[in-house]
Amino acid sequence: MDFSFTEEQELFRKSVREFCEKKIAPKANEIDEKGEIPREVLDDMAAFGLLGITISQEYGGSGADFITAAIATEEIARADISMAIAVYYLVEAGWGFLINRYGSKKAQEELLPDVTKGKTFLGIASTEAAGGSDVAALSTTMTKEGERLVVNGSKTFISGVREAAKYGGGYVTVVKTSPELAHKGLSLCYLPVKDVPGITTNVFKQMGRDGISTGAIIIKNVAIPAHYLIGDWNNGFYYAMEGFNCARPLVAAACIGAAGKALESGIEYIKERRAFGSPLAKFEGMQFQVADAYAKLESARLLVYKAAWMLDQMYTKNRFSHKEINKAVAVAKLVAPTVAFDIIKDVLIWHGAYGYTKEAGLEKGLRGVASYIMGAEGAQNIMKLIISRELLGKEFAPY
Amino acid sequence: MDIIVCIKQIFDLGQIMVDTATKHPITEGVARKISDFDKNALEEALRIKEKHGGTVLALIGGAKEAAKEALSMGADEAVIYSADSDSLGTATILAEIIHKIKYDLILCGEASIDEFSFQIGPRLAETLGIPVLTYVREMELKDNEVVVERNLENRYEVAKARLPALVTVAKEINEPRIPTLLQILDASKKTITEVSPAKPAAGVETLSILAIEMKRKEVILKDTENLARVIISEKS
């Protein structure tokens with residue numbers, strides 16, 4: 001067993017940290033306050049090879065493995081603890097990988113180079129008004145009409161709706177193609193959203209990660225070319241689960257990145273801030289909290305990189321079954337957001353009244369990480385069901 | 001244009017803590033990095049190569065990780081050697097290695113940011129018998145000459161020298177590039193050579209390094225009305 005990163009991964013972390021400190025961190029407050037990621041930040045990220053990092057080199061990506069992608073996620077979230085940029089980055093890394101793996105050659109050539117250049121946004125559209133966890137109950141449909149595919153329905157709580165409508169791009173979209181077959185009647189397609197007849201979007205006001213929009217997409221008789229089908233007809237459930245397995249370790253990496261940065265700044269603060277004649281860090285009560293926070297963070301971090309490592313092993317060496325991957329990924333996604341939320345909350349409290357101000361820069365992290373406790377990229381209770389299903393067996397699955 | 005860039009790997013000074021009892025710096029577990037101005041020197045070499053062609057060799061006092069970083073930035077090859085010597089010794093080691101290499105231009109940072117001796121560049125040029133231009137904030141190559149703008153105490157000086165020459169660069173000359181993932185992966189295909197030149201006898205031997213003790217006066221003012229007066233009286 002070897003817990004070390006490769007020399008290249010260590011060097012990449014150093015590089016990406018330097019990049020993030022120069023290009024992202026100085027703009028983090030502005031991104032949260034204005035509710036938008038400045039165009040130049042996205043251009044810089046694309047030029048540095050961060051956007052669509054897992055996409056293969058033939059389409060302008062770096063063909064990064066998931067450990068490397070997780071390193072970048074962690075570093076991006078350290079620089080912008082609101083998570084906005086991390087979300088933008090990780091959905092493209094996770095779902096871009098899926099199109100790169102299962103999309104038609106024609107769709108890959110048409111779509112992926114613009115994602116890696118940062119010209120267009122690529123996201124995931126799964127959740128609907130009736131819920132996101134019960135994918136078998138989704139009601140958006142796709143039918144074959146001659147040479148084209150026609151999509152009808154709506155998607156909601158979708159990240160990047162405004163960005164996709166503004167810059168172009170679209171979504172890996174989960175649709176029903178054989179409603180009578182429940183989850184075995186789902187397919188995946190690529191759904192463009194900018195200037196597409198039949199598509200309307202709206203953006204929600206949300207609690208956090210304001211730099212990237214969240215909203216809804218209404219889809220009325222939208223015709224898309226047949227090559228936008230991703231993978232085989234009616235096999236979409238399995239591709240979607242695979243895509244979530246790719247995106248979730250990155251979600252967890254973003255959470256520990258934000259929490260790690262918060263903890264570091266908290267430690268600096270309590271070493272300087274004095275009360276009753278001593279630095280706060282001298283108080284035993286503080287030291288216990290610091291140790292607890294670090295222990296929780298390190299535990300979550302190990303789970304994140306174990307899940308990413310297992311994915312890499314699966315894709316490069318055909319090791320580990322989907323069941324093993326499902327379990328490891330679900331554990332990382334279950335633990336990291338909660339741990340991160342608790343750490344940022346504690347660090348915020350260490351700052352006293354100052355922690356409650358925008359100037360302290362911590363509250364945006366708390367609001368951002370909360371989205372992954374609420375359920376973005378998979379609800380926490382669904383993670384528990386996945387873990388239980390793998391531990392108890394399918395026959396005990398409640399649904 | 002074949003360029004050699006002299007690079008020193010140093011401790012990341014921002015991470016060094018001090019033992020409060022002994023005043024010794026604690027370097028255990030502290031990350032190392034390429035000294036800042038040396039990175040400017042490498043960046044300048046890469047820009048010259050991009051404009052005029054040629055090669056860039058990174059000559060590094062330090063470990064393989066610094067060589068990997070230099071190669072990731074774009075150096076064609078790297079040579080590493082042990083850096084444990086004083087300024088005279090280091091310049092002697094560098095000269096011994098460089099004697100065996102064909103070059104047109106040598107670039108150094110104006111100083112390493114851990115010791116700030118400003119001596120390596122001039123000492124190396126002297127040993128090699130080539131002209132040296134120090135504190136350079138702008139440079140250009142023209143007709144087998146290097147034309148530079150130098151930062152001096154209260155003026156800028158424009159000067160030139162015939163090649164081969166040695167130039168030490170200041171921080172403002174450029175902003176070093178940050179290697180991307182693909183550049184890092186490509187760098188693993190490049191050559192790193194390790195050399196072990198004989199260590200010259202030290203001219204100056206460092207006996208100890210202790211942190212400067214900064215004692216705070218801890219003067220507490222009850223109001224700010226007399227703040228300026230108190231500060232002035234403290235200064236005088």
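Welcome to this structure. What covers the buried residues of helix α3 of chain A includes helix α1 (7–23) of chain A; here a contact means that the C-beta atoms of two residues, placed from the backbone, lie within 7 Å. This is a predicted model, in which local features need pLDDT of at least 70, side-chain atom pairs count only at pLDDT 80 or more, and totals for chains, interfaces and linings use all residues. Residues are numbered from 1 along each chain as its sequence is written, while chains are lettered from A and ligands numbered from 1 in the order in which they are written.

**Helix α3 of chain A**

- The buried residues of α3 (residues 39–47) are A:Val41, A:Leu42 and A:Met45; a residue is buried if 20 or more other C-beta atoms lie within 10 Å of its own, exposed if 12 or fewer, and partly exposed in between.
- These three cover an arc of only 95° around the axis, which puts them on the same side of α3(A); the arc is that of the directions from the helix axis to the C-beta atoms.
- On the face turned away from that buried side, you will find the exposed residues A:Arg39 and A:Glu40.
- Just after α3(A) comes A:Gly49, with a positive phi of about 85°.

**Chain A as a whole**

- Chain A has twelve helices and ten strands; helices (H or I, at least four residues) and strands (E, at least two) are DSSP runs, numbered from the N terminus.
- Its radius of gyration is 21 Å, close to the 21 Å that the globule rule gives for 399 residues, so chain A is as compact as a globular protein of that length. The radius is taken over C-alpha atoms, and the rule is 2.2 Å times the number of residues to the power 0.38.
- The C-alpha trace of chain A spans about 80 × 45 × 40 Å along its principal axes.
- Of the 399 residues in chain A, 53% are buried.
- Among contacts in chain A between residues at least 6 apart in sequence, 75% join residues at least 24 apart.

**Helices α4 and α8 of chain A**

- The axes of α4 (residues 66–79) and α8 (residues 236–272) come within 7 Å and cross at roughly 35°. Axes are lines fitted to C-alpha atoms, for helices over the stretch in contact, and angles run from 0 to 180 degrees between N-to-C directions.
- The crossing of α4(A) and α8(A) is right-handed, meaning that the near helix is turned clockwise from the far one by less than a right angle.
- Residues making this contact include A:Phe66, A:Ala69 and A:Thr73 of α4(A) and A:Cys246, A:Pro249 and A:Leu250 of α8(A).
- By class, the contact has twelve nonpolar, three polar and four charged residues; Ala, Val, Leu, Ile, Met, Phe, Trp, Tyr, Cys and Pro count as nonpolar, Asp, Glu, Lys and Arg as charged, and the others, Gly among them, as polar.

**A:Leu122**

- A:Leu122 is found in strand β1 (residues 121–125) of chain A, and counts as buried with 28 C-beta neighbours inside 10 Å.
- Not counting residues up to four places away in sequence, A:Leu122 touches A:Glu92, A:Trp95, A:Gly96, A:Val115, A:Gly169 and A:Gly170.

- Chain B has six helices and twelve strands.
- Buried residues make up 36% of its 236 residues.
- Twelve residues of chain B are in contact with 13 residues of chain A.
- On the side of chain B that touches chain A, α2 (64–73) and α5 (181–187) of chain B each supply at least two residues.
- The residues of that side divide into six nonpolar, three polar and three charged.
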